[in-house]
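Biologist: Hi! Could you walk me through this model?
Modeller: Gladly, here it is.

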Amino acid sequence: MRSQGRTAGCVPTMGALHAGHGAPIARARGECGAVVMTIFVNPTQFDRREDYERYAKNLDADLEFCSARNVDAVFAPEADEMYPKPGAAFVEAPELARYLCGVFGPGHFRGVAAVVAKPFNILQPGAAYFGEKDAQQLAIIEQMVGDLNFPVRIVPVPTVREHDGLALSSRNRRLTPEERRAASGERSPEKGKRAALDVLETGPAVRVEYVEVISPRMRPVDRIEGPVRLAAAVWPGSTRRIDNVLCGPGQS
Ligand code: AMP
């Protein structure tokens with residue numbers, strides 16, 4: 001493909017593909033002469049063996065998903081092809097990896113950096129596409145590529161969400177309906193308002209005139225189903241200030 005002057009856009013994944021993966025593919029399709037997917041459940045980024053073994057795998061369905069989206073090539077190695085011997089060289093971004101997901105799985109980002117660096121060298125894509133859902137992963141890969149001069153452009157892709165705001169993931173299907181509701185955030189405008197008031201009322205000498213959760217076009221809402229506007233008027237002392245922010249499902 002390179003000899004034909006086509007720049008490859010690479011979309012690294014762990015398979016079990018869904019519409020969330022469709023976004024980076026579509027973006028790569030629009031920007032690159034060729035789209036190359038990697039499908040590989042990477043053992044070195046799982047701190048717990050049972051999580052690795054439990055990860056959903058369905059290569060046949062994934063290949064159909066790719067061909068329906070005009071993916072040009074799929075790189076789907078076996079674990080013993082990728083790691084014929086235990087890895088002894090790694091890339092680390094310790095400053096970015098030491099908090100959030102890095103705390104709960106200390107080896108995770110070391111594994112991620114290695115498994116992204118390898119196809120960058122094997123496939124040599126001109127660009128690679130990563131979801132903003134995995135924001136820490138994206139930041140670490142940007143750091144690796146920048147600091148170590150990998151000749152690949154990193155492109156962030158906005159998160160694709162379910163109608164209730166939950167980010168699409170192959171793990172969503174493991175949630176019970178109740179867990180699902182809990183995962184997709186607060187739906188009651190009253191509770192959202194209460195949470196905002198709890199913060200404002202802890203500040204010294206701030207008088208709250210109003211806090212409201214309303215639609216983006218300033219109408220009342222009974223339930224938070226999509227983006228909403230949190231609007232407030234407060235008096236920090238003798239001066240009245242108003243402000244509002246868009247928030248809720250689909251707003252990050
Ligand atoms: P994964 O297969 O979960 O490792 O994801 C592969 C790539 O697709 C990563 O760059 C993810 O950030 C991205 N991705 C996964 N789910 C979504 C989503 N719901 N929206 C956008 N990108 C996603």
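Modeller: Let me begin with the surface: the protein exposes about 15,000 Å², and carbon and sulfur atoms supply 52% of that. Accessible areas come from the Shrake-Rupley method with a 1.4 Å probe, and for residues only the protein chains shown count as cover.

Biologist: Before we go on, what should I know about the model and the numbering?
Modeller: This is a predicted model, so local features need pLDDT of at least 70 and side-chain atom pairs count only at pLDDT 80 or more, while totals for chains, interfaces and linings use all residues. Residues are numbered from 1 along each chain as its sequence is written, and side-chain values use heavy atoms, with hydrogens and water left out.

Biologist: Thanks. How many helices and strands are there?
Modeller: The protein has 10 helices and eight strands.

Biologist: What's the strand order in the open sheet?
Modeller: The order is E3-E2-E1-E4-E5, five strands with parallel pairing. Two strands pair if DSSP finds at least two bridges between them. E3 (73-75) and E5 are the edge strands, each pairing on one side only. From one strand to the next, the twist averages 25°.

Biologist: How many bridges join E4 to E5?
Modeller: Five, with E4 (residues 127-131) and E5 running parallel. Phe130 stands opposite Pro156 in E5.

Biologist: Which strands does H1 lie across?
Modeller: H1 lies across E1, E2 (34-39), E4 and E5, and runs at about 130° to E5. Helix H3 (residues 59-68) also packs on the sheet, where H3 touches E2 and E3 and makes about 165° with the direction of E2. Axes here are lines fitted to C-alpha atoms, for helices over the stretch in contact, and angles run from 0 to 180 degrees between N-to-C directions.

Biologist: Let's go inside. Which residues of the largest nonpolar core touch the most other members?
Modeller: Those are Val116, Phe120, Phe130, Ile141, Met144, Val145 and Ile154, out of 24 residues in that core. H7 (108-123), E4 and H8 each supply at least two residues, and H7 gives the most, with seven. There is also a second, separate core of 16 residues, including Leu17, Val35, Ala127 and Val155.

Biologist: What do you call a nonpolar core?
Modeller: A set of buried Ala, Val, Leu, Ile, Met, Phe, Trp, Tyr and Cys residues joined through side-chain atoms within 4.5 Å. Buried means under 20% relative accessible area, exposed over 50% and partly exposed in between, with a 1.4 Å probe and protein chains only. In soluble globular proteins, nonpolar side chains tend to be buried together.

Biologist: What does Met144 touch, leaving out residues up to four places away in sequence?
Modeller: Met144 touches Val91, Ala113, Val116, Ala117, Phe120, Asn149 and Phe150. Contact means heavy atoms within 4.5 Å.

Biologist: Is Asn149 buried or exposed?
Modeller: Asn149 is exposed, at 63% relative accessible area. By contrast, His18 counts as buried at 17%. His18 lies in the loop between E1 (8-13) and H1 (19-31), and beyond its neighbours within four places in sequence His18 contacts Phe65, Leu168, Ser169 and Ser170.

Biologist: Switching to the other end, where does Ser215 sit?
Modeller: Ser215 is in the loop between E6 and E7 and counts as buried at 13% relative accessibility. Ser215 and Arg229 are 14 residues apart in sequence but 5.7 Å apart in space, C-alpha to C-alpha.

Biologist: And how do E7 and E8 pair?
Modeller: E7 and E8 (residues 241-247) pair in the antiparallel sense over seven bridges. The bridge partner of Ala233 in E8 is Ile242. E7 and E8 form a hairpin with four residues between them, and Gly237 in the turn has a positive phi of about 95°.
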